[in-house]
Amino acid sequence: GEVPNSDQSDCQPCGAGMEISSDGESCDECTAGKYSNGLDMKQCTKCPVGEVPNSDQSDCQPCGAGMEISSDGESCDECTAGKYSNGLDMKQCTKCPVGEVPNSD
């Protein structure tokens with residue numbers, strides 16, 4: 001689970017947002033849509049359903065209010081006109097009930 005450090009005098013784990021390369025000799029950045037916490041993870045992993053990697057790919061997070069998970073599951077997209085998401089228990093944007101419109105916040 002470790003790779004040689006820069007002067008090859010010792011071994012170290014890959015950091016957050018990184019995984020051990022296929023040859024086991026270096027660290028590679030996580031590919032889009034995956035994360036690694038740099039602590040107990042040797043390989044990058046897809047986030048749980050309903051979450052996306054944060055900006056440094058060290059953890060997963062839900063999309064915020066007014067956002068939904070992109071179709072590829074790798075990032076968050078803004079809700080399209082006429083739809084909303086509260087950012088709490090909604091993974092996808094939804095049309096407002098009849099007679100209501102999304103707020104402007």
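The structure is a predicted model, with local features requiring pLDDT of at least 70, side-chain atom pairs counted only at pLDDT 80 or more, and totals for chains, interfaces and linings using all residues. Residues are numbered from 1 along each chain as its sequence is written, and side-chain values use heavy atoms, leaving out hydrogens and water.

E25 sits in the loop between β3 (18–20) and β4 (27–29); strands here are DSSP runs (E, at least two residues), numbered from the N terminus. E25 counts as exposed because its relative accessibility is 57%, where exposed means over 50% relative accessible area, buried under 20% and partly exposed in between (1.4 Å probe, protein chains only).

Another loop residue is Q43, placed between β5 (34–35) and β6 (45–46). With a relative accessibility of 43%, Q43 counts as partly exposed. Setting aside neighbours within four places in sequence, Q43 touches E19, I20, Y35 and S36, contact being heavy atoms within 4.5 Å. Between Q43 and T31, the C-alpha to C-alpha distance is 11 Å, with 12 residues separating the pair in sequence.

Then there is E68, in strand β9 (residues 67–69). E68 is buried but has no salt bridge, and K83, the nearest side chain of opposite charge, lies 6.1 Å away. A salt bridge would need a side-chain nitrogen of Lys or Arg within 4 Å of a carboxyl oxygen of Asp or Glu; Lys and Arg count as positive, Asp and Glu as negative, with His and the chain ends not counted. Beyond neighbours within four places in sequence, the contacts of E68 include C63, D77 and K91.

Notes
Helix = DSSP H or I, 4+ residues; strand = E, 2+ residues; numbered from the N terminus.
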